[in-house]
Amino acid sequence: MSTFGKYEVVTELHSGDRGAVFSARPVGGGREIKYAIKTFNPRSLDMDEQFWEGQSFVERARVQQRAAEGGGTHWAPIYETGTSPAGTYYVTDYHPLSAQSLVAGRVDVGPG
């Protein structure tokens, strides 16, 4: 089973050209799925582009982390960011219906 920092993958939810999304739980933390891991690993980019795009991915996750910590109720918390053999990643809360809607492309991201 793959691990990302303190979290282990339960199921791959989506995989694409630029990364993947997994459901996860704490390593050794029981069976309940509480987290989602989003990875960034664009194989189509050269090494230099991968580095800079990976840095941008992490920075955006850190902005989201600060927004959530600052009391932004509409921001999902970010528990961990890092790098692994599977790519750059961050860990957030798992919301199965929201994640499935995003993967299937059936979510309205407009205002309101």
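This is a predicted model: local features need pLDDT of at least 70, side-chain atom pairs count only at pLDDT 80 or more; totals for chains, interfaces and linings use all residues.
Six strands build an open sheet in the order E1-E2-E3-E4-E6-E5, with antiparallel pairing. At its edges stand E1 (3-4) and E5, each with a single partner strand, so one side of each has no neighbour in the sheet. Between E5 and E6, the antiparallel pairing extends over six bridges. Ile 78, for instance, has Thr 92 in E6 as its bridge partner.

The nonpolar residues come next. The largest nonpolar core has 10 residues: Phe 4, Tyr 7, Val 9, Ala 20, Phe 22, Ala 24, Tyr 35, Ile 37, Tyr 89 and Val 91. Strands E2 (7-16), E3 (19-26), E4 (35-40) and E6 each give two or more residues to this core, and E3 gives the most, with three. A second, separate core holds six residues, among them Phe 40, Phe 57, Ala 61 and Ile 78.

Leaving out residues up to four places away in sequence, Ala 24 touches Tyr 7, Glu 8, Val 9, Val 10, Ile 33, Lys 34, Tyr 35 and Ile 37. Arg 25 is also found in strand E3, and this residue counts as buried because its relative accessibility is 15%, under the 20% cut-off. The C-alpha atoms of Arg 25 and Val 9 are separated by 6.8 Å, although the two residues are 16 apart along the chain.

Thr 88 lies in strand E6, residues 87-93, and is buried, with a relative accessible area of 12%. Beyond its neighbours within four places in sequence, Thr 88 is in contact with Lys 38, Thr 39, Phe 40, Gly 54, Phe 57, Val 58, Gly 82 and Thr 83. Thr 81 belongs to strand E5, residues 78-84, and is partly exposed, at 24% relative accessible area. Not counting residues up to four places away in sequence, Thr 81 touches Val 58, Ala 61, Arg 62, Tyr 89 and Tyr 90. Finally, 9.6 Å separates the C-alpha atoms of Thr 81 and Lys 38, which are 43 residues apart along the chain.

How values were computed:
Residues are numbered from 1 along each chain as its sequence is written. Side-chain values use heavy atoms; hydrogens and water are left out. Helices (H or I, at least four residues) and strands (E, at least two) are DSSP runs, numbered from the N terminus. Buried means under 20% relative accessible area, exposed over 50%, partly exposed in between (1.4 Å probe, protein chains only). Contact means heavy atoms within 4.5 Å. A nonpolar core is a set of buried Ala, Val, Leu, Ile, Met, Phe, Trp, Tyr and Cys residues joined through side-chain atoms within 4.5 Å. Two strands pair if DSSP finds at least two bridges between them.
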